[in-house]
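My entries follow in the order I made them.

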Amino acid sequence: MEKIIHPLAICLFIIVFISLSQSVAAGQGSFDDNFSKSCPETHFKTSEDGQIWYLSLDKQAGCGFTTKQRYRFGWFSMKLKLVGGDSAGVVTAYYMCSENGAGPERDELDIEFLGNRTGQPYLIQTNIYKNGTGNREMRHMLWFDPTEEFHTYSILWNNHQIVFFVDKVPIRVYKNANYTNNFFPNEKPMYLFSSIWNADDWATRGGIEKTDWKKAPFISSYKDFNVDGCQWEEPYPPCVSTTTKNWWDQYNAWHLSDDQKKDFSWVERNLVIYDYCKDTQRFPILPQECWLSPWD
């Protein structure tokens with residue numbers, strides 16, 4: 001006997017499918033499926049299978065790429081291998097920004113790798129912008145050489161916290177506590193960017209160490225882009241609401257786990273080089289979020 005499916009059931013299935021499809025896991029397609037390049041073709045190469053992407057910097061130009069989609073909340077991850085040898089003045093960046101350019105009202109979540117002279121460690125700098133204002137820098141040492149092999153760098157972003165991860169170890173937690181200064185970026189969808197560029201006016205020892213162009217080209221490598229997040233659609237997608245349907249928006253993602261707290265505590269004791277919340281010369285009155293514990 002032939003089974004008859006009621007039209008209402010078909011309608012409900014379509015509605016559910018459309019709702020779920022707003023939250024996407026991206027990164028399975030080719031580079032061109034996910035990104036747009038912003039550099040000369042000579043500065044962008046791929047492995048033979050197209051799975052590893054090489055960005056180069058010389059005195060003429062750097063290189064970068066941007067996702068074609070914007071997202072608001074989710075998990076954003078990439079594997080990077082940084083420039084080896086003498087990389088003073090060179091910055092490799094992996095970040096999120098609400099504008100395709102450094103606009104005056106942008107929101108931004110930054111991960112920047114600050115190059116150094118041969119034998120000196122890389123520093124990783126994170127920063128947060130809200131409506132064009134940043135000044136929330138932290139700098140950490142890494143516990144490995146990021147030039148020898150690929151490591152995973154990730155951002156967890158929901159309405160409760162922003163967490164920066166290195167190989168799934170949380171190195172920075174920025175909480176949303178309904179600050180009166182309103183300094184938590186949660187309103188604007190963001191693109192993801194990666195780039196390599198010259199910043200020898202500030203990146204290495206405050207600009208004392210300059211880029212040695214005789215060492216060019218400087219090459220950073222990328223692979224395994226992964227997004228599990230809320231893809232933006234105008235006027236706004238259903239998944240942008242705090243509905244707890246996605247793991248990155250459920251209670252366990254609002255706080256660090258017990259194991260993550262142990263890792264984070266170790267990072268704070270051993271790897272923090274600079275924390276704006278402890279810079280009382282720069283901030284005689286500390287920003288409001290500095291008084292909130294990352295454990296809450």
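Predicted model: local features only at pLDDT ≥ 70, side-chain atom pairs only at ≥ 80, totals over all residues.

**Entry 1. Glu209 and its partner**

I looked up Glu209 and found a relative accessible area of 17%, which is under 20%, so I wrote it down as buried. Glu209 makes a salt bridge with Arg117, with 2.9 Å between the closest N and O atoms. I placed Glu209 in the loop between strand E14 (191–198) and E15, and Arg117 in the loop between E8 and E9; the pair links distant parts of the chain, 92 residues apart.

**Entry 2. Other salt bridges**

How many salt bridges does the structure hold? I count 13. One that I checked is between the side chains of Glu108 and Arg106, at 2.7 Å from N to O. Glu108 and Arg106 are both buried.

I then checked Glu187 and Lys130, which form a salt bridge with their closest N and O atoms 3.8 Å apart. Glu187 sits in the loop between strand E13 (169–175) and E14, and Lys130 in the loop between E9 and strand E10 (138–141), so this pair ties together parts 57 residues apart in sequence. I noted Glu187 as partly exposed, at a relative accessible area of 46%. Lys130 is buried, at 5%. Last, I wrote down a network: Asp86, Arg117, Arg205 and Glu209 are joined by salt bridges that share partners.

**Entry 3. The annotated asparagine**

Which residue does UniProt list for "glycosylation site"? I found Asn116, and the entry is unreviewed. I located Asn116 in the loop between strand E8 (108–114) and strand E9 (123–129). I marked Asn116 as buried because its relative accessibility is 16%. Leaving out neighbours within four places in sequence, I found Asn116 in contact with Gly85, Asp86, Ser87, Ala88, Pro121 and Thr204.

**Entry 4. Cysteines**

I count two disulfides. In one of them, Cys39 and Cys63 have their sulfur atoms 2.1 Å apart. Cys39 is in the loop between strand E2 (35–37) and strand E3 (44–46), and Cys63 is in strand E5 (residues 63–67), so the bond ties together parts 24 residues apart in sequence. I have Cys63 as buried, at 3% relative accessibility.

Cys277 is joined to Cys290 by a disulfide, S to S 2.0 Å. I read the torsion about this S-S bond as about -80°, so I wrote the disulfide down as left-handed. Cys277 lies in the segment after strand E16 (272–275), and Cys290 is also in the segment after E16; the pair therefore ties together parts 13 residues apart in sequence. Cys277 is buried at 18%, and Cys290 is buried at 17%. I looked up Cys97 too and found it buried, at 2% relative accessibility.

**Entry 5. The open sheet**

I traced an open sheet of eight strands in the order E2-E5-E14-E7-E8-E9-E10-E16, with antiparallel pairing. Which are the edge strands? I found E2 and E16, each of which pairs on one side only. Direction ignored, neighbouring strands of this sheet are turned by 15° against each other on average. At the E2 end, I saw E2 run antiparallel to E5, joined to it by three bridges. Ser36 stands opposite Thr66 in E5.

**Entry 6. Strand E4**

Why is strand E4 (residues 52–57) largely enclosed by the rest of the structure? I put this down to five of its six residues being buried. I found E4 paired with E3 in the antiparallel sense, over three bridges. Lys45 has Tyr54 in E4 as its bridge partner. The hairpin of E3 and E4 has five residues between the strands, and there I noted Gly50 with a positive phi near 75°. E4 also pairs with strand E15 (residues 218–231), antiparallel and over six bridges. Across that pairing, I found Leu55 opposite Ser220 in E15.

Notes: Residues numbered from 1 in each chain as written. Heavy atoms only, no water. UniProt positions renumbered as here; feature names shortened; annotations may be inferred. Helix = DSSP H or I, 4+ residues; strand = E, 2+ residues; numbered from the N terminus. Buried < 20%, exposed > 50% of the residue type's maximum accessible area, 1.4 Å probe, protein only. Contact = heavy atoms within 4.5 Å. Disulfide = S-S within 2.5 Å. Pairing = 2+ DSSP bridges. Axes fitted to C-alpha atoms, helices over the stretch in contact; angles between N-to-C directions. Salt bridge = Lys/Arg side-chain N within 4 Å of Asp/Glu carboxyl O.
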